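Here are a few notes to read alongside the model.

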Amino acid sequence: MSANDEVIVFDDVVKRYRLGVERSNIRAAIPWIPHDPGTNVPTVTAIDHLNLTIRQSESVGIIGNNGTGKSTLLKLIAGVVAPTSGEVRTRGRIASIIELGVGFHDDLTGRENLIFTGALMGMSAAEMKRREDDIIDFAGISRAIDTPVKRYSSGMLARLGFSIATHVDADVILVDEVLAVGDIDFQRYSLERLENLILDGVTTLIVSHNLAAVAHLCNRVMRLDRGRLVADDEPEKVVLDYGGRMAIVHAGLGKVPVRLRELKVRPREVNPSEPFDLEAVIEVERPMPRGRLRLVLRPTAELVAAHTQGNMPVEADLPQILDVPVPPDMLREEGTWTLRGHVDGYPMFPGPYTFSLELMEDPHNEVLDVAMAHLDVPGSIPAAAVAQLPVAWAIDPTFS
Amino acid sequence: MPDEQAAAGERDLGEAVDVIDLVDERDEEAGGEPVASGQGGVWEASSREGFGPLERTRRARVTPPSEHPWVVRTADTTIMPAKHRLRSSLPLLRMYSARQVQLRYRQSILGLAWTVVQPVAIMAIYGFIFSAFLEVDGGGLPYLSMAWTGLTIWMFVQAALQMGTVSLQNDSWLLGRVWFPREIIPLAPVVAGLIDLLAAAAILIVIVIVQGVGISIHAVSLVLPLLVLVVWGAAISVFCATVTIFLRDMATIVGLGLRLLFIATPVMYPEKAVPEHLRWINAVNPFGAVVTNTRASLLSHVWPNWELLGFHLVIGSAFLAGALWYLRSVERRMVDVA
């Protein structure tokens, strides 16, 4: 780690775009008038005082919501957009897959575009000729390669563009949302191609909403929010914060560190408004500081069907009768814990019910683990109601 | 792979190692160049959900960054070693110009033959009007030789200026996608125009011989007017293309200017047809000087006006340098307004 490793440096970079249509750009055409939309016109700040350093062979994922400046960041690195203020320093050959079909001309064939796009990225025609077969082979469009690209599907354009950009011996590769286009096979090819480039030591920047891919490929993830860098850390931390625990699990970066072992209701049969007890066993492998538990009471599908005289509803459509927060203290400490709860009575109609204890993690609402228990309220099921409400009524005469 | 079974149970790390092992094996088969063929266990391994972080066994095939110069971009400047910029420019200019020619005649039956058919048709139309109606003569030279000389040059001027002016605007979609030296775009129509010029010049030589004018040693001096032509064409193209990106009005102005220039330049008439007191117009017009002096050395077999051509070459080169400087000083803004 030294300054010699640096390949991309942002020094207090700001990029502002002007909103609306300008009648004339005459001021922009004059070199000595500074090119800044200024403060008296409506502007949008795509990149807001950004400082960052990327070293050789780093693979950096850039995540964040739409319109937070991810693509502008790549365009600044690629040099197609100039900063409004600040300084962008880069070195080495940069290949970018910023938009579909890199720099293809509709009327040229795939093969002609291949040579031409290579030239745009700094490769000679002879060098591209030597790689031609590899590129076409990878893109898997050998039959269409001598057809003008205007007849290509968007998937074919994406494949050819990706194939070219990853075969030009770049020192830095910028990838914008390419993992989202193309079919499953192509997504796998491109993932593996990126893996190879990363292993070769190519510096890689990947903008993607596919958190699993980002977590897999990158050894550093940055999160942008309204043009600012709000997180810049190892993938697990940033992805967890942004996408939730399941994103980490899907990416294979870890497991949910808390298991809900079992949930019991005692007694199993409870008459309406009689007391009952709940008991859960919770195994905390590692503390979850932002973990949260809730207890949900749902009627079973049979019960709902009986009430509505309709079909059996699917599990996800079952209404929640109760949603009770559970004290999450045991999630903060390693160990196996037993959680007990006592209910004095709840006026339910007869029928089968399900209690489920659900684990979540702030600020997300994904259910990470669940333990379920059945509860039967004996008696015959009445029509069209799920619960009784014990109301003490009073009738008084009213004079107006 | 003996540890394949052992790794099967350990989801987190095992599979990642699996992927790398397979990749390396395949790389060796392909002679070091990773080629994805779409078959093999790689996909199976990496397609399972949750493949864990990429195991990094650094192969480090890239050159250290210290071997590349820094490119620094701010709002006002791009600092890039001139060698770096030039090296990427020249092959690209060649390819961009070839693309221009390719595109112009794509999906056309006559194709490249248009480079010959077009001037012949124009010659037929203008030649008929000028010689039959206006009774313009060759000014001591066969009319066809005289007019074709002018037309050969004019076709180049028109193509370079007309297509050059709108070139950046037409290709502005490319500006936002990939960085390359922007001056390539307005220079390409000029280079592509040289191909048409070559075709027209070949016909010119045939006409000159057929009409009995003949060719003398003086023809070697044609290099100088050619240089003036290309330098001025390039300068105007680069300047007008840059302005057009910011002000669309420029394209219309150039269109009008070209009509005026066609009348003011002795393309279809000899210079002698211009009244004595107006001949200075032809002298200050670089294209007029080119036409007049090309006729002098090719058709009249005399040496050209060295001073006048030299003057235009110097001014034109300065203009070209200024136009390139201008393009470079505003190129960073083009994406924002185009």
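The points below cover a pocket, some aromatic rings and a helix.

1. This is a predicted model, in which local features need pLDDT of at least 70, side-chain atom pairs count only at pLDDT 80 or more, and totals for chains, interfaces and linings use all residues. Residues are numbered from 1 along each chain as its sequence is written, chains are lettered from A in the order in which they are written, and side-chain values use heavy atoms, without hydrogens and water.

2. Do look at the largest pocket, with a volume of about 930 Å³ (an open set of points on a 1 Å grid where a 1.4 Å probe fits, with protein on both sides within 12 Å along at least five of seven lines; lining residues have an atom within 4 Å of a point; the volume is the space filled by probe spheres set on the points). Its lining has 42 residues, and those closest to the centre include Arg93(A) and Asp169(A). Helix 4 of chain B gives the largest share of the lining, four residues (helices are DSSP runs of H or I, at least four residues, numbered from the N terminus).

3. Phe239(B) and Phe319(B) form a tilted aromatic pair, 6.0 Å centre to centre with 55° between the planes (ring centres within 6.5 Å; under 30 degrees is stacked, over 60 edge-to-face, the rest tilted). Phe239(B) lies in helix 9 and Phe319(B) in helix 13 of chain B, so the pair ties together parts 80 residues apart in sequence.

4. Helix 13 of chain B also has a kink of about 55°, centred on Glu331(B) (the angle between axes fitted to the seven residues ending there and the seven starting there).

Terms used:
Helices (H or I, at least four residues) and strands (E, at least two) are DSSP runs, numbered from the N terminus.
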